[in-house]
Amino acid sequence: MIPRRTFLSSLAAGAALLSTAVGALPALAADPVPATLRLKWLPQAQFAGFYVAVAKGYYKAEGIDLTINPGGPNILAENLVATGADTFGLSGGLDSVFAARDKGLPVVCVGIAHQLTPFVFVVRTDGPIKSIQDFKGKKVTTWFTGANHVLKAMLTKAGVDPALVDIQPQQVSVTPFVDGQIDVVTATRYNEYYTIKTRMGEEKLRTFVAEDSGVTFPRDTLIVSETTAKEKPEMVKGFLRATIKGWQDAFKDPKGAIDTVMKVAPTLDRAHQEFMLTEVQKLMTAGKVKEDGLFWIDMDAVKITQQLFLDAKVIAKPVDLDATFNRSFLEAIPVAERRP
Amino acid sequence: MSATAFQSPAARPGTSSFVRPLLRGVRSLAILLAVLLAAEGLIVLFGVKPWYVPRPSLVLNAILATPEPYVQGFLRTLAETLMGFVSGALFGIAIAIVFFRARVLRELIFPVFVVSQTIPVIAFGALVVLWFGNTLLAKAAISFYLTFFPVTVNALLGLESVDTRQEALMRSFGASRFQLLTRLQLPAALPQIFVALRLASALSLVGAIVGEWFGDTVGLGVLLLQGMYNENVVGIWAAIAMCALLGTGFYAVVAAAERALVFWGAEQ
Amino acid sequence: MNQTVAPARSGRFAAGFSRATLRGALGMVLLVALWEGLARGLALPAYTLPSVSAILSSIFEHRQSLLAAGAYTFAEALMGYAIGALVGVGLAVVITLVPVTRNAIVPVATSINSVPVVAWSPLILLWFGIGMPSKVVMVALAVSFTVFLSALAGLDRVDRRSVDLMRSFGAGRLAILFRLRLPTALPLIAAGLRVSTVRAIIVAIVTEMLGAYDGLGWVIYQAVLQVDFVRVWSAIFVASAASLAFFGLVGFAERRLVFWK
């Protein structure tokens, strides 16, 4: 059934191509232009707004025929966007954008979804850790994909030498933390934290937040290639407008948004997805978003994060911030339309 | 069914060829049911937490609760597997014939093939997406990459095992090279080829599943990943069950084709 | 051509070996030249395809960390390989000694194997964690079935009349196993072991890429996230070399042990 559908859609795409080739008339330009969005991960409520915008035809209304391609382990949105395999990308975050620019990939960040660090460090309330100073000598697991630098920065600010903390790469599973084998675990607010909470109970958990230590690490960045930014600015604007509308709808009607997501990935756990959307909304509407609108690029936060990566020597030299971050596409949309 | 493949040919009766497999099928099903029931009982008895091993009934419930992704995933993965398997098998046999005929080419290219097989496919997932996009073709390509090599090796082995006296005899009757190939060499190589095809049936499925890890929405590989990263152990088991169904079914079909075509016995 | 092959057969290791090796080397050189030419000629960026020279110089530059990662992966693969081989041969021997168990072991082994090995990886990672144990288990799982099937085929291959003959002289099952069955089965077991080498390393790497503390798969995973594709290819090259070395080693041992083949 699916193969036939793809076959039919490719037939349709072929026909569309043919029709644009044959009749290069301006009247036909109203046909939506095919484009793709590469997500950073598998379909889930973290990306609800995009799915809502597709379902409600917001992209079509902007003249974009958008296909959402999920991510997965070992594929990188920056790479696929830079090479033109995908038009848009919701990529890892400032970490991956900086790394990509550092390695010379021609990608431009046109919006940031999560304004705050999306993960927290979790300990048990009945354990020995009451403050960050107590991390000393304890077993901490974290992701070595950026979260480790946030952790080290938080430790350093608290006057703890990171070398004195037993930092290990984190499991796929939170079970070692639940079983008490490790003292501190890293958890995204919308995913792992939910799993830990449902297994242990929220009252047994204490969390440490990066922003409390003056560190920040915005993630889930919207990227396009330099070529797209230069040659199709209208398409980028249209994409952003439709995306923002999709997210506004998702926040207004979370139930409907989860329905849309569950249609894409029916094996997901509904309760978890509802929790995820609530948390994602907090991350996306934090900071300056109330005034400046969704997906706003807060350059102060960007600079803090860049310093973090320079200190950790993840990037060799400061990147060209003006070339890497482009707010003009967002600014082209009236700010009233962008507010959550 | 593989049990029969390794029994001595003498133990395989020629008659009642339809009843036997049926009986075997019924017996395997009975054993499977017994094992599942035992697992259910033991898990309840020892109070095993569902995030280690869930009860089989939970897994079944999970599939029945949302059958659509499992059925669609099964069909999608099956299509990718078949595409990879068929193209891999045909290419494998064709290249074996080329190598068989042209020794120079074989010595030039074969080592490259060997080296290519030492590369973990998953490592260039990004490249595959880059080259083929998110299409069926990308998965079929990976599946093909894993499939063709064992077929080439075994087909070559089979072609070279042809009795030179028979070859000389056919030549003396004026058989052309093409006739030699289709009448003598390929039939003689068939048992060896089928040994590889049975192996390739499993490998092509692996290729399809791994291919689905590079960003797709439908497929058993997608369900496996979703289960893993959401720590949904029941979901993982449900996907594994579907993989087992697909793997066993495909293997059985290849083995049945082998029994039908290589009636003169597939001794290794 | 045929005439030259016939006399060369006696001195297969001298003449035939070197000529085939020469051509094989030539094939590899051509491939490398083509690759280098494509990467340089089209000025492909590293994230599409880096040139071989860039990869090799990166390997040299990072030789220490790559060697350490390679050793880690190799250790995992070797441990899993040893366990898998023992389990595989052991099960086949058990079946031969106690034939009743065949009906239990073969269906269970077949059904475990009918699930592609990679499908077990999420579960194994959740159960055994992302350290070494999960990789060892995965490799053992992948290796044991291949070895089991080839060992069983080998043990079954024994001529019934020879068994009857030994029995008539009063030989017990164990004696028949060690004197007759195992020596007969050895070439097939060795072939199974040889095929499993490459698989062992690939499975270790694939599992590492889904979660690990160290190893080549971990290097690849990290390098992808840091958009360092030269490093990805460096790790792939090292992995490939390790597989070939492992394959060669087992092949060498096989030629030594199974000299009558």
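I count two residues as in contact if their C-beta atoms, placed from the backbone, lie within 7 Å.

**Ground rules**

I am working on a predicted model, where local features need pLDDT of at least 70, side-chain atom pairs count only at pLDDT 80 or more, and totals for chains, interfaces and linings use all residues. Residues are numbered from 1 along each chain as its sequence is written, while chains are lettered from A and ligands numbered from 1 in the order in which they are written.

**Where C touches A**

I began with the contact between these two chains, which takes 17 residues from chain C and 20 residues from chain A. On the chain C side, α6 (117-128), α9 (173-210) and α10 (216-225) each supply at least two residues. I noted α10(C) as the one that gives the most to that side, with four residues. My helices (H or I, at least four residues) and strands (E, at least two) are DSSP runs, numbered from the N terminus.

**Chain A overall**

I looked up the secondary structure of chain A and got 17 helices and 10 strands. For 340 residues a compact globule would have a radius of gyration near 20 Å, and chain A has 21 Å, so the two agree. That radius is taken over C-alpha atoms, and the globule rule is 2.2 Å times the number of residues to the power 0.38. The C-alpha atoms of chain A fill a box of roughly 70 × 45 × 35 Å along the principal axes.

Buried residues make up 50% of chain A. I call a residue buried if 20 or more other C-beta atoms lie within 10 Å of its own, exposed if 12 or fewer, and partly exposed in between, with C-beta atoms placed from the backbone. Of the chain A contacts with a separation of 6 or more, 79% are between residues 24 or more positions apart.

**The five-stranded sheet in A**

Next I traced an open sheet of five strands in chain A, in the order β7-β6-β8-β5-β9 with mixed pairing. Strands β7 (166-169) and β9 (205-208) of chain A stand at the edges with a single partner strand each, so one side of each has no neighbour in the sheet. Neighbouring strands here are turned by 30° against each other on average, direction ignored. I take two strands as paired if DSSP finds at least two bridges between them.

I checked one pair: β6 (residues 139-142) of chain A runs parallel to β7(A), with four bridges joining them. Thr142(A) has Pro169(A) in β7(A) as its bridge partner.

Two helices lie across this sheet's strands. Helix α6 (residues 147-157) of chain A lies across β5 (119-124), β6, β7 and β8 (184-188) of chain A, at about 140° to β6(A). Helix α8 (residues 192-200) of chain A lies across β5, β8 and β9 of chain A, at about 120° to β8(A). My axes are lines fitted to C-alpha atoms, for helices over the stretch in contact, and angles run from 0 to 180 degrees between N-to-C directions.

**Strand β10 of A**

How many residues of β10 (residues 219-225) of chain A are buried? I get seven of the seven, so the strand is largely enclosed by the rest of the structure. β3 (residues 88-93) of chain A pairs with β10(A) in the antiparallel sense over five bridges, and Ser91(A) has Thr221(A) as its bridge partner there. β4 (residues 107-114) of chain A is also antiparallel to β10(A), joined by six bridges. Gly111(A) stands opposite Leu222(A).

**A helix pair in B**

I then looked at α9 (residues 177-211) and α11 (residues 233-261) of chain B, which pack at about 165° with their axes 10 Å apart. The two are therefore roughly antiparallel. My classes are roughly parallel under 35 degrees, roughly antiparallel over 145, roughly perpendicular from 65 to 115, and oblique for the rest. The contact includes Leu190(B) and Phe194(B) of α9(B), and Phe250(B) and Tyr251(B) of α11(B).

**Chain C**

I find 11 helices and zero strands in chain C. Its C-alpha atoms fill a box of roughly 75 × 60 × 30 Å along the principal axes. Buried residues make up 46% of its 261 residues.

I also looked at α4 (residues 63-97) and α11 (residues 229-257) of chain C, whose axes come within 10 Å and cross at roughly 45°. They are therefore oblique to each other. Leu66(C), Gly70(C) and Phe74(C) in α4(C) meet Ser234(C), Ala235(C), Val238(C) and Ala242(C) in α11(C).
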